[in-house]
Amino acid sequence: LELSGKSLPDPITQLFELFDVYRKYFPDDSFDQYYPWGEVMLKDFDELDKSLADPEKVFAVISDLKEIDQEFGLDDTELERLNSFWQHFFNKEHTKLKDEFAQTWKHLAAIYNEFHEALAKKGWCTEGQAFRNVASQCESHNDFHSSIQKEVVFAGLYALSKSEERVMEYLLEENKASIFWDADKHYIDDQYQEAGHFLRSSAIFRKSSSKWIDSKLKNEPKSIEIIGVPMEVGQAKVAGDLIQQLSAIPGFNPEKTAVVLPEENLLFPVLYSLPSEIEKINVTMGYPLHQTPIYYLFESLINLQKNARLAKDNNQSSFYYKDIQSILDHPYIRMIDPTGIRSFITALNKENLIRVKMERLKNGTLLFDNLFKIVKDSAGIFSWCKQVLQLILEGMEDKQFAGHRLESEFIARFFSQLNRLEEIYTSVAAASTIETWWSLFRQIIHATKIPFTGEPLEGLQEWGFWKAGCLILKM
């Protein structure tokens, strides 16, 4: 991004920018109709740019597979796969989905070009475009390397795109870069080891030096103990016990000990399980916002609106009883008025209602009046969600809720993400259903993590890891 001279808008902003272009070609489509296609198009455009493919050729409507073979020089396997796709797609009866696909495909090249032109006018580009721009500069400008003042180190990369390989190859030739692969001969040299597939097939890997390609998996002795634990929380408890045992051994060095977590949601159970003797901890992972209690409350709030039945008289509108119970049982909500909520749920259970009318939920309290509303548009959703968050924050302060500082950080993040999405909605004047709104907001929340800061050279190290068991590493 720095070398391309552009900045990167977030995925949601890109989605709405693309919608502005898309509706020029499909003016009758609402945002809800566009949304599934929009996500697919953004991913395809990004992959197209990173692979340095020609968009005009890729999106050309070519009926003759021999012509495709001549244009692209596809090998037999790729040609067979492409042939199979088009035969499956067109050799059966027409459907609405196929017609939509065909119509969209015809305009993709124009949409692609106009979308990137619109971003460029604002000084933006997609990640794929940044890759393509820098790769093309490496090809056309011999002095491009002079803009890079320091040596570049590429470390730990794995599955490289064509654009990445081109940039890396150029910088290596200009003595502006070095590469550290972080690989092992065990899976590099063995053709049957899938873990080495991408590196073995990489041209830049074959050309570059063998720095950090060791043979530790086979040659270095290891001491591995496997402990079967039935539940994830049980893993956290056992991990805490093991750390306590290790810390009691003379000469124990926490800087040489790491706890590797298989799931991010195990971070807090592990932190709470660590012995008090461990005074310093370095956490090298963020905590995902979608794993926080406030996210699950939002899911219940959205379900309340999705399952609501509207009536002309707003007091006769009703909510599903399970959605009401799910909200009132949430610890953040119950904390605000535990006595009032308990008595209301008891009375509700006695009445044995499946659907509860709005008038039954109006008990004159600020809590109930703010929770149980009918939201009719996106502007109403933003206002309603913010009111609920404000109620919870005030309740935490009033009740001196345990863990208030940490929990309020979660809520503050939700506030900021709501404001961010509201700004985008306002700028493009987009209207959408609750389902689409929630899909967008959920996408933002799933991409957001709360960072932790620590000193990497001090204390017990806590890392995140792809799927595995909870690991204790003593180095």
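This text walks through a predicted model, from the whole chain down to single residues.

The protein chain has 475 residues, and 39% of them count as buried. Its secondary structure comes to 23 helices and twelve strands. Among contacts with a separation of 6 or more, 74% join residues 24 or more positions apart. The chain exposes about 27,200 Å². Carbon and sulfur atoms supply 51% of that area.

The largest nonpolar core holds 94 residues. Six residues have the most contacts inside this core: Ile-294, Ile-324, Leu-328, Phe-372, Ile-392 and Trp-437. Helix 21, residues 378–399, gives the core its largest share, ten residues. Ile-294 shows what such a position touches. Leaving aside residues up to four places away in sequence, its contacts are His-330, Tyr-332, Leu-389, Ile-392, Phe-410, Ile-411 and Phe-414. Another core lies apart from the largest one. This other core has 21 residues, including Phe-144, Leu-160, Met-168 and Ala-183.

Helix 23 spans residues 434–446, 13 residues in total. From first C-alpha to last, the helix reaches 18 Å, close to the 18 Å expected at 1.5 Å a residue.

How does helix 23 sit against helix 2? Two packed helices are described by the angle and the distance between their axes. Here the axes of helix 2 (residues 31–50) and helix 23 come within 10 Å and cross at roughly 35 degrees. Helix 2 contributes Phe-31, Asp-32, Tyr-35 and Glu-39 to the contact. Helix 23 contributes Thr-436, Ser-439, Leu-440 and Gln-443. By class, the contact of helix 2 with helix 23 has three nonpolar, three polar and two charged residues.

Helix 8 covers residues 162–173. Its twelve residues reach 16 Å from first C-alpha to last, close to the 16 Å expected at 1.5 Å a residue. Buried here are Ser-163, Glu-165, Val-167, Met-168, Tyr-170 and Leu-171. Met-168 is also one of the residues of the 21-residue core. What do the buried residues of helix 8 pack against? Their partners are helix 2, helix 7 (127–140), strand 1 (152–155), strand 2 (177–180) and helix 11 (203–207).

Now the backbone. Most residues other than glycine have a negative phi. Asn-175 has a positive phi of about 55 degrees although it is not a glycine. Asn-175 follows helix 8 and lies in the loop between helix 8 and strand 2. Is Asn-175 buried or exposed? Asn-175 counts as exposed because its relative accessibility is 69%, and exposed means over 50%. Trp-212 also has a positive phi, about 65 degrees, and is not a glycine. Trp-212 lies in the loop between helix 11 and strand 4 (213–214). At 48% relative accessibility, Trp-212 counts as partly exposed.

The last stop is close to the start of the chain. Ser-4 is in the segment before helix 1 (11–25). Its relative accessible area is 11%, so Ser-4 is buried, the limit being under 20%. Beyond residues up to four places away in sequence, Ser-4 touches Cys-125, Ala-130, Asn-133, Val-134 and Gln-137.

Key:
Residues numbered from 1 in each chain as written. Predicted model: local features only at pLDDT ≥ 70, side-chain atom pairs only at ≥ 80, totals over all residues. Heavy atoms only, no water. Helix = DSSP H or I, 4+ residues; strand = E, 2+ residues; numbered from the N terminus. Buried < 20%, exposed > 50% of the residue type's maximum accessible area, 1.4 Å probe, protein only. Contact = heavy atoms within 4.5 Å. Expected span 1.5 Å × (residues − 1). Axes fitted to C-alpha atoms, helices over the stretch in contact; angles between N-to-C directions. Nonpolar A, V, L, I, M, F, W, Y, C, P; charged D, E, K, R; others polar. Core = buried A, V, L, I, M, F, W, Y, C linked by side-chain atoms within 4.5 Å. Areas by Shrake-Rupley, 256 points an atom, 1.4 Å probe, with all protein chains shown as cover.
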